[in-house]
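Open the model in your viewer and keep the selection tool ready. We will go from one stop to the next.

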Protein chains: 2
Amino acid sequence: MTLMDDGLEILTEDECQELLASGRMGRVAISIGALPAVLPVSYVLVDGEILFETGEGAKLRAALDRAVIAFEVDSFTADHASGWSVLAVGVARVVTDPGVVAQTKERNLRPFGSHEGSHVVAIRPDFLSGRRFLTRRSA
Amino acid sequence: MTLMDDGLEILTEDECQELLASGRMGRVAISIGALPAVLPVSYVLVDGEILFETGEGAKLRAALDRAVIAFEVDSFTADHASGWSVLAVGVARVVTDPGVVAQTKERNLRPFGSHEGSHVVAIRPDFLSGRRFLTRRSA
């Protein structure tokens with residue numbers, strides 16, 4: 001790990017992978033029409049790929065277009081005194097392998113929205129980075 | 001409020017404003033070079049504007065460029081069974097008014113990073129939308 005000024009610690013790729021694997025809810029940045037958007041998704045990590053379900057809509061379209069998507073997962077303590085954030089960027093694609101689709105639907109929380117009829121989108125991170133935020137008090 | 005299929009409830013603008021005002025940590029989608037990125041920020045809401053602090057870097061550059069930025073804040077229950085997400089999109093700008101800068105630095109948590117020397121960026125939402133996610137159990 002590399003300590004930066006301002007209470008920022010740059011995470012190693014291993015730490016990023018570990019934190020990515022520990023999360024359940026992330027957010028994807030996509031475009032809806034000409035406008036940028038950030039939308040929450042529940043996800044699972046399988047073989048280093050971020051997998052989430054989506055209905056018809058902007059997230060599916062991004063995957064059909066094989067758009068480059070930013071995916072972020074973070075966690076902060078209740079008092080927001082410390083936390084971490086991991087950012088993954090990669091090309092999105094629609095998963096067609098029935099085994100991966102089934103595995104995703106079985107493991108993915110998807111607390112809202114039905115698994116039935118949902119599409120599975122995968123992002124294989126080409127770029128992975130993460131930061132841990134320390135409180136000024138402990139920095 | 002409008003009930004949608006799939007356990008999604010579309011929030012009214014008033015509900016979005018209220019939830020936006022209740023949050024402390026949000027995320028902004030910006031570009032770093034040619035790549036999209038999502039980065040967490042601690043923020044305050046003043047007169048309907050989202051205000052956050054930043055050092056030199058991609059977030060400041062976006063504001064100097066008056067880029068259209070997506071800002072998202074969400075909250076989920078610990079079991080991820082329900083939650084909400086509010087998305088605001090607007091032009092970013094660097095705040096130069098000393099009164100607003102001082103008010104932001106006083107109210108903003110900024111748990112990581114110093115207030116000293118930070119720049120204040122404002123987003124006035126041109127577009128505001130929100131969704132509440134209900135569990136399948138209660139849907």
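Which element gives the most to the lining of the largest pocket? Select β4(A): this strand supplies 8 residues of the lining. Remember as you look that the model is predicted.

**Stop 1: the pocket**

Stay with the largest pocket. About 690 Å³ of space lies in it. Now pick out L39(A), E56(A), K59(A), L8(B) and R131(B), which are the closest to the pocket's centre among its 33 lining residues.

Next, colour the elements around the pocket. From chain A, select β4 (35-46), β5 (49-54) and α2 (58-64).

**Stop 2: where the chains meet**

Show both chains in separate colours. How many residues of chain B are in contact with chain A? There are 36, and they touch 37 residues of chain A.

The size of an interface is often given as the accessible area lost when the parts come together. Here, about 3,100 Å² is buried between chain B and chain A. Carbon and sulfur atoms give 65% of that area.

The rule for polar contacts finds 2 residue pairs across this interface, both at pLDDT 80 or more. Now select β3 (25-32), β4 (35-46), β6 (68-76), β7 (83-94) and β8 (119-133) of chain B. These elements each give two or more residues to the side that touches chain A. By class, that side of chain B has 20 nonpolar, 6 polar and 10 charged residues.

**Stop 3: the charged pairs**

Side chains of opposite charge can pair when their charged atoms come close. The count over all chains is 15 salt bridges. Between chain B and chain A, the count is 4.

Zoom in on R27(A) and E72(B). Their closest N and O atoms are 3.7 Å apart, and the two form a salt bridge.

Then select E72(A) and R27(B). This salt bridge has its closest N and O atoms 3.6 Å apart. The pair crosses between chains, from strand β6 (residues 68-76) of chain A to strand β3 of chain B.

Note on methods
Residues are numbered from 1 along each chain as its sequence is written. Chains are lettered from A and ligands numbered from 1 in the order in which they are written. This is a predicted model: local features need pLDDT of at least 70, side-chain atom pairs count only at pLDDT 80 or more; totals for chains, interfaces and linings use all residues. Side-chain values use heavy atoms; hydrogens and water are left out. Contact means heavy atoms within 4.5 Å. Buried area is the accessible area (1.4 Å probe) that two parts lose on being put together, summed over both. A salt bridge is a side-chain nitrogen of Lys or Arg within 4 Å of a carboxyl oxygen of Asp or Glu. A polar contact is a pair of N or O atoms within 3.5 Å; within protein, one must be able to donate a hydrogen and the other to accept it, and residues adjacent in sequence count only if both atoms are side-chain atoms. Helices (H or I, at least four residues) and strands (E, at least two) are DSSP runs, numbered from the N terminus. Ala, Val, Leu, Ile, Met, Phe, Trp, Tyr, Cys and Pro count as nonpolar, Asp, Glu, Lys and Arg as charged, and the others, Gly among them, as polar. On a 1 Å grid over the protein atoms alone, a cavity is a set of points where a 1.4 Å probe fits but cannot get out, and a pocket is an open set with protein on both sides within 12 Å along at least five of seven lines; lining residues have an atom within 4 Å of a point. Grid points are joined across faces, edges and corners, and a volume is the space filled by probe spheres set on the points.
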